[in-house]
Amino acid sequence: MDELSATEPLVSSHGNGKKKAIFASSMEIVLKYTIWVIFISWATFIFLYPSEFVDAWFEKYLELTDGSCFGIEGSMFLAFSAPILVIAFLAIEHLLISGDVEFQVRNCRMKSSKRPGFRLWTFPVLVNGPFGVVSAAELIGILLFLIYVIWAVYAYTLVNFKALSEFQLTFQEQCYLVLELTGLRLGMIGLFCLVFLFLPVARGSVLLRLVDIPFELATRYHVWLGHLTMLLFTLHGLLYIIAWALQGELLSEVSFHDTFCFRLSILEWKTIGVANLAGVISLAAGLFMWVTSLPPVRRQNFELFFYTHQLYIVFVVFLAMHVGDFIFSIAAGGIFLFILDRFLRFCQSRRTVNVVSANCSPCGTVELVVSKPANLQYNALSFIFLQVRELSWLQWHPFSVSSSPLDGKYHMSILIKNLGEWTEKLRGKILNGPKEDSPMVPLQSHHANITVSVEGPYGHELPYHLTYVFLYLNLLMCISNAYYDEVVRYENLILVAGGIGISPFLAILSDILHRINDKKPCLPRNVLVVWALKTSDELPLLYSLDMESICPVFSDTLNFEIQTYVTQESEPWLWYKGLLFDACMVGSPIIFGGVVVNLWHIWETKASTKELGEDDRQNSGVMQDNQPREQKESSECCGATSNIVRYGCRPDFKEIFGSIAERWGHVDVGVIACGPPTLQTSIAKECRSQSLRRKCNHPIFHFNSHSFDL
């Protein structure tokens, strides 16, 4: 038997730690499968609710639970809203266990994919159309909702015609009744869509964190659901108005205390049943929000869209009054989660942060460096909401963080392009502030005379420029004492930016360099940055990243290329500088040569003795002064392996992706696009084309969008 070491404990805690890890991972899997079972059962129940079989079963359920202390309202809430609340509670437990184990950050084994393949979330299927760039997974979700609406309309239509056969009505009366019943059914379908409407806009929702969908991506789903919900509610109201108008009940005459007066059916407010006036107010508020959220209105006047969207309070309150607590219980769960998230965000946003510096560059970009709260943890692709109280107490604007969390523990930086009224006021506020006299700095630095509040961060739980898929735990690995989570990483990245879209990529590059400098494993090997900008005034944004100072030896492990396209400028003329230099060489000896030589001879005679004594002392200083200058010049080209700047043209993505396909081989390539919708559409189209038409030895391009359009 080997002798025990003097420093080794008699009872090792390694076994206990492994048992705890296995128990925690087992609980994590149990929670995950429980959440999926509850969600699938709940979604299936909602999907099949229009059928006669499920409707009859639900009627029996209500009869059995009618005598409970909660009544029919409690039964409705338990069937429709309670499941999503239970899922949210289990999601919190799941995230807490995942955070305690910390396999996703510390103990995960990351590896490159040996067999490149397609991913539902990163393969763009639709690139042109009203939905923008749609991945395969998103297309499946869209089709499921469309199938549900079509199926529900069909099922309810059958129920309506079956109800008509039970009454002896004239053809005209049947038409009126069909209109009212159809309006009723469309309102019910819209109410089921409302169940999901508020879930994507809960920014800090545990549900979004559970499925790792960032808020900026989930906002699109809220927009799509909003259009569908308001279309159904609008048809619901129109069909009732048409039916009442045809029957002459829209404006009917009634007797009250022997006098005649007129009554509008749409203005009725019944104490028992449906309150029509409340429905009119709710629909009017919804229509205001819907119209102002349309792209033409929103892009021209964002503030009108922002303030009008606060009418959601009126919309929800009067909707509850319109349908009553019995029906409103269907959508109460999702609305409650949104209200809870809004309350927590309000508590977080009350705190202010210190402005370390505020700089304005010549291209109109503002760089804010703010102090980071101790409990704020972000990734290289995270974004935050900013409020500047001197400009507005109500407006919060989203901005990507341009610094890596590894740049510093106590501060973070944000780049803000002057693109609207709010950003113009911010730039003017900074320019009019007290200045710092710093002639050595090319930017105009100012003392910040602004009060800033930060809300967030939002985005992926992990820096997804390093990873793209998580493989859930295999229980057999636990039994065989080989417990780990596998995280497959991107070894090859293409970052495509348009204008200020370079901001989050500065954070990515800085993050990668810090990880290389810290000798962390599993990092990208090839990185290509494609940047399209209008004028060369914006070039210092990228070249401000001093890669050599962060990691002097990054070129040994990272193949880094930059392709910059200045679209609205021609290439600078350089020939005239050479001609001017030659003219000076010829003319200066003739014109100024004699005078300069005489003055030089007089000065040299007087200073020769002193110069000889100081020569040796100055040599070392000159050598030291030259070293930072060389570093600065190298930082101006950003330290890239290849740095190409083209003027007067746009990037040819077919040529760029085709060249990458030939050079990088059969690998997975992560493509992240940040810029206007037209740029993202072009990149998504090329990713789809290259992946579908690729050869056996060519890569698969995975499209990821980092959008500013919130």
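The following exercises, each with a worked solution, concern a predicted model.

**Exercise 1. Helix α9 and its partner α7**

Determine how the axes of α7 and α9 are oriented relative to each other, and describe the residues of their contact.

Solution. 
- Step 1. Helix α7 spans residues 171–197 and helix α9 spans residues 215–247.
- Step 2. Their axes come within 8 Å and cross at roughly 160°.
- Step 3. Angles over 145 degrees count as roughly antiparallel, and α7 and α9 are therefore roughly antiparallel to each other.
- Step 4. The crossing in which α7 passes α9 is left-handed.
- Step 5. In the contact of α7 with α9 there are 21 nonpolar residues, nine polar ones and one charged residue.

**Exercise 2. Helix α9 and its partner α10**

Classify the packing of α9 against α10, and name the residues that meet.

Solution. 
- Step 1. Helix α10 comprises residues 276–292, and its axis comes within 10 Å of that of α9, with a crossing angle of roughly 135°.
- Step 2. This angle makes α9 oblique to α10.
- Step 3. α9 passes α10 in a crossing that is left-handed.
- Step 4. From α9, the residues H227, M230, L231, F233, T234, G237 and W244 take part; they meet N276, L283, G286, L287 and W290 of α10.
- Step 5. Sorted by class, the contact of α9 with α10 contains seven nonpolar and five polar residues, and no charged residues.

**Exercise 3. Helix α9 and its partner α6**

Solution. 
- Step 1. Helix α6 covers residues 136–164; it packs with α9 at an angle of about 20°, the axes being 12 Å apart.
- Step 2. α6 passes α9 in a right-handed crossing.
- Step 3. On the α6 side, E138, I142, F145 and V149 meet L217, R220, Y221, W224, L225 and L228 of α9.

**Exercise 4. The surroundings of A673**

Locate A673, decide whether A673 is buried or exposed, and list its contacts.

Solution. 
- Step 1. A673 belongs to strand β20, which runs over residues 668–674.
- Step 2. The relative accessible area of A673 is 0%; because buried means under 20%, A673 is buried.
- Step 3. Leaving aside residues up to four places away in sequence, A673 touches V496, F505, Q680, I683, F703, N704, S705 and H706.
- Step 4. F703 is 30 residues from A673 along the chain, and the C-alpha atoms of the two are separated by 7.7 Å.

**Exercise 5. Backbone features at P457 and D212**

Describe the peptide bond from G456 to P457, then the backbone and exposure of D212.

Solution. 
- Step 1. The bond from G456 to P457 is cis, and its omega is near 5°.
- Step 2. P457 is part of strand β13 (residues 452–458).
- Step 3. D212 has a phi near 55°, which is positive although the residue is not glycine.
- Step 4. The loop between α8 (206–211) and α9 contains D212.
- Step 5. With a relative accessible area of 28%, D212 is partly exposed.

How values were computed
Residues are numbered from 1 along each chain as its sequence is written. This is a predicted model: local features need pLDDT of at least 70, side-chain atom pairs count only at pLDDT 80 or more; totals for chains, interfaces and linings use all residues. Side-chain values use heavy atoms; hydrogens and water are left out. Helices (H or I, at least four residues) and strands (E, at least two) are DSSP runs, numbered from the N terminus. Buried means under 20% relative accessible area, exposed over 50%, partly exposed in between (1.4 Å probe, protein chains only). Contact means heavy atoms within 4.5 Å. Axes are lines fitted to C-alpha atoms, for helices over the stretch in contact, and angles run from 0 to 180 degrees between N-to-C directions. Angles under 35 degrees count as roughly parallel, over 145 as roughly antiparallel, 65 to 115 as roughly perpendicular and the rest as oblique. A crossing is left-handed if the near helix is turned anticlockwise from the far one by less than a right angle, and right-handed if clockwise. Ala, Val, Leu, Ile, Met, Phe, Trp, Tyr, Cys and Pro count as nonpolar, Asp, Glu, Lys and Arg as charged, and the others, Gly among them, as polar.
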